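Here's a quick tour of a model, grouped by topic. Have the sequence and the 3D view open as you read.

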Amino acid sequence: MYSGLIREFEDLLGPSSVLYRPEDLLLYEYDGSIEKGRPNVVVFPTTTEHVSRIVKLSAEHHFPIVGRGAGTGLSGGALARTGGVMLVFARMNRIFELDVENQRATVQPGVVNYELTRAAEAHGLYFAPDPSSWKSCTIGGNVAENAGGPHTLAYGVTTNHVTALEVVLPDGEVLRVGSTHGDAPGYDLTGLFVGSEGTLALVTEITVKLSRKPEAVKTLLAIFESVDDAADTVVDITARAITPAACEMLDGWTLRAVEDYIHAGFPTDSAAVLLIEVEGLAETVAAQAAAITEVCHAHRAREVRLARDNAERNLLWKGRKNAFGALGRLAPSNYVLDGVIPRSKLPQALRRIRQIGDQYGFQIGNIFHAGDGNLHPIVLFDPRDKKQFERALQAAAEIIRHCVEIGGALTGEHGVGMEKSELMPLLFSDADFALMRRVHDAFNPDSSLNPGKIFPLSKGCGEIRVRHSSSSRLRVD
Amino acid sequence: MSTSSPNLASAVEALIGASRVLSDRAQRAIYAVDDMVPSVVAKPSSAEEAAEIVRFAAREKLALIPYGARTKLRVGMPPSRYDIALDMTALNQIPHYDPGDLTLSVDAGTSVAKVNAHLLEHNQFLPLLVPWYSLSTVGGAIASGIDSPLRQSYGTARDFLIGAEFIDGTGKLCKSGGRVVKNVTGYDLHKLLIGSLGTLAVITRLNFRTFPAPVSSRGFVASFASAENALALRRSIVESPLNPLTLDILSPSLAQIFAEKTPATPEVAVFRGENGAGPPDSNPSALPPIGDWFRAHEWQLCAAFAGAPEVLERYARDLTRFARESHATSTAILDDSTRPSLWGRLRETFPMLLEASSAATIFKIGVLPSQLASLLASVQKIAGQVELPHMLVVRAVGTIYFALLPASANDETTARLAQAASQIIQSTSAVGGDTTLLFAPPALKPSLCAPDGSVSPRLNTLDTGSSDLLLMRAACAPDVSAGPRLKSAFDPHNIFVPGRLI
């Protein structure tokens, strides 16, 4: 039933830009999450006009559409949950403008996050959001998910750096929202579209702010004999109103796995480390580093190391950013969770995660953005063992529920996607869903764009429900 | 509707009790917007009571305007209908504050000054230093979308508002975001409330991240013979590693107002140790006069900065050197005790301008920094052509507040204001900027938006000759109506301030 549409796509884009053989589609049924969803056709547009045409053609045939960047997402946001047409933006990767004086860049959505920073670096500028996948993820994907990263603690997440968008609506209409200068009058549609997970529009052009590289950077590695001490240190740093540029925690189990693989210099006999970075004026950085060191020692840090040079700093960050890959060596599959909590609740949340791990029989690792309370527990499991897989999902749901119970939210940076749509009623009421649905329908009335994401598939909300949807992984039993 | 409808008043009384309803003409007149007086004023004591009234308005198709302290009512287009004033100031508690997490949840009707006095006990603050500071409510500050001098370093509300509770147009209590500093759960609907002028929802509660209050701060003032030189210093600062708290450039005439006048609104300190106005818990007093830091008839660049002693020293040294390189005619460093007198005036610029002229017309112009010099020249030339006094401030990275100040409001000055306004809009648009008319005499607003002088429904489609004038440009191409779509998603019965923005 897609053959007519495939021909039309090939006429529009050329045969090399349309995939439809099962073996070609296989790659696109996964992203970085544990979800699956296979598209029927994958297309590679290079222009906004292409995107608009593809959307119109798909609409004529009543096929759903899903946008995708590099497929590094961790919540199933870029998967074709109900099949249909997948638009991969990888070839829309031009940097249209790098405006040094005004500190702006205008890019196509397929530009890789790191490539923009590389292009801006020569001018002393960079793009601040830095997800762990920054060397492969695209800015379009960052916009869809409102991506974070370690350094968003001080500089804000993607939405704080986007000033304007060009989007294509599900009827093919091209819309420009926001303004290059960032002070557009009227409703903040840019703020609405960023983080809407591709459920309102397809983003085809993005204007972002570029940040100025700091004058001075200091990277500290604080080593602890207990996870509690490390967690208390983070609470205290926050409470004393010290805002580092980044404050990451790796627990002992995780850092041993990382060290075996990366040799970043992490002490393998410790219970936890904090990787803390301070940036800014030389005078500010010196004072902040001293204050942080003092807080670490007040909480029984065994040692606080200062990275001697850039090489050592880069190695520490390499260890942090490749940690998930390192854990991949320990088990057939790992499940990276994403929850967010008030920072003052960090020690109790980590203790609860440990309990949940014990209860379900998993060693749960923690490597996360401690400074902004954004947890990333990692559950290692073997997906071929159905029972174990089921237990892993139950443990995950329980951890997320605990985050909500102590005043947190379902996701800090990975998005709701397919992964957490059934958990949304933990936070939102019928009235909340009704309004979100009306906003959704104002732009995407037929749910042709990225169907089956964010909103619970099951009907009725309010009460926490039991196992409604077989296609959804995470639920609250 | 300009007269009270007894039936309407008693219907509202039946919902929330007579003691919470004002129907007397004089009382209602206080809630007039652009000369329109509501038929009834309701002052609910809870979000649920407010929702009751919204549901009633939705059933009866009555137009409703939510209120805080009524300080910025002149912002926006004249409403096309107006029946019920919803005074939210009885919702004024701080239900959640976790100093250790730097997060805050506050009822919409709470005054910003009260919130900051509370936060200051923990040496924190909310960088929402809006005009009419001692009066403004948190809800009004968000709904008006008015920024503050601190946007230079803390950004605008969209950078620190992390969640909201509000009543949608069907009378349902809704929420978005949460109380955590990093959150991507669901749509960021709370961002849409910023600057929405009450057109989408009645805000009942707002969640913010809070910030450590600067322990020690200083001010810096440099005077210049030309705007170009002041802009050159601005650029040197922006391109340096310095990150000042505020960065504003004042035109000579505005500097003169600052030197000669004191804002009528009482002053409260924001940070501890701001001796100019006494401690935050003391009685509000008038802002003391500023010192003789300005050279008469010159442009002034004002920056504030904070930090440890060695940081303050670095700022003072670098700023003074950059100023010299930009041909400053004088520079001054202001300490903790004197700085607030100038920054209080920077914050209160709008009230001071509106006091200076009853017909004050204030534009907000958003533009890229590279266009600032040519646009400043254009708007001043336009003011000269229509022979109206003008003042301006360039705030942070590229926002110009430009005021025309006729001595009186009459048909003749309104015509000149309208002529200037359309030229300002054109000049701004030509360099890729956006113009918003913030404050204007009621007669001027409609004449700008529709050629026939009426408040035209054509505004909705943005196809007027002045489609860049946007009080209400919902940031979209002329053939698309994303703004109205959003408006009807939130407010399907069009009861929230119809005509004000959309």
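**What helix 9 of chain B sits on**

The buried residues of helix 9 of chain B pack against strand 13 (246-250), strand 14 (299-306), helix 11 (339-347) and strand 17 (390-395) of chain B. Bear in mind that this is a predicted model, where local features need pLDDT of at least 70, side-chain atom pairs count only at pLDDT 80 or more, and totals for chains, interfaces and linings use all residues. Residues are numbered from 1 along each chain as its sequence is written, while chains are lettered from A and ligands numbered from 1 in the order in which they are written.

**Chain B at a glance**

- Chain B has 16 helices and 19 strands; these are DSSP runs numbered from the N terminus, with helices being H or I of at least four residues and strands E of at least two.
- Of its 502 residues, 61% count as buried (20 or more other C-beta atoms within 10 Å of the residue's own; exposed is 12 or fewer, partly exposed is in between, and C-beta atoms are placed from the backbone).
- Take the contacts in chain B between residues at least 6 apart in sequence: 72% of them join residues at least 24 apart. Two residues are in contact if their C-beta atoms, placed from the backbone, lie within 7 Å.

- In helix 9 (residues 252-260) of chain B, the buried residues are B:Leu254, B:Ala255 and B:Phe258. They fall within an arc of 100 degrees when you look down the axis of helix 9 of chain B, so they line one face of the helix; the arc is that of the directions from the helix axis to the C-beta atoms.
- Over in chain A, helix 4 (residues 113-121) buries A:Asn113, A:Leu116, A:Thr117 and A:Ala120. Their arc around the axis is only 95 degrees, which puts them on the same side of helix 4 of chain A.
- The cover over those residues of helix 4 of chain A includes strand 5 (95-99), strand 6 (104-107), strand 7 (125-126) and helix 5 (139-145) of chain A.
- As background, an α-helix has 3.6 residues a turn, so residues three or four places apart point the same way.

**A helix pair in chain B**

- Helix 1 (residues 6-16) and helix 3 (residues 47-60) of chain B have axes that come within 9 Å and cross at roughly 145 degrees. Axes are lines fitted to C-alpha atoms, for helices over the stretch in contact, and angles run from 0 to 180 degrees between N-to-C directions.
- From helix 1 of chain B, the contact uses B:Ala11, B:Val12, B:Leu15 and B:Ile16, and from helix 3 of chain B it uses B:Glu49, B:Glu52, B:Ile53 and B:Phe56.
- Sorted by type, the residues of this contact between helix 1 and helix 3 of chain B are six nonpolar, no polar and two charged. Here Ala, Val, Leu, Ile, Met, Phe, Trp, Tyr, Cys and Pro count as nonpolar, Asp, Glu, Lys and Arg as charged, and the others, Gly among them, as polar.

**Strands in chain B**

- Strand 16 (residues 361-366) of chain B is mostly covered, with six of its six residues buried. One side of strand 16 of chain B carries B:Thr361, B:Phe363 and B:Ile365, and the other B:Ile362, B:Lys364 and B:Gly366.
- Strand 16 of chain B runs antiparallel to strand 18 (residues 399-404) of chain B, joined by six bridges, with B:Leu404 as the bridge partner of B:Thr361.
- Strand 16 and strand 19 of chain B are also antiparallel, with five bridges, and B:Ile362 stands opposite B:Phe439.
- Elsewhere, an open sheet of five strands in chain B has the order 5-6-10-8-9 with antiparallel pairing; two strands pair if DSSP finds at least two bridges between them. Strand 5 (96-98) and strand 9 of chain B each have a single partner strand, so one side of each is left without a neighbour in the sheet.

**Where chain B meets chain A**

- In all, 64 residues of chain B are in contact with 67 residues of chain A.
- Helix 16 of chain B gives the most to the side of chain B that touches chain A, with six residues.
- That side of chain B divides into 29 nonpolar, 19 polar and 16 charged residues.
- B:Gly100 lies in the loop between strand 5 and strand 6 (103-107) of chain B. Leaving aside neighbours within four places in sequence, B:Gly100 is in contact with A:Val235, A:Thr238, A:Ala239 and A:Ser344.
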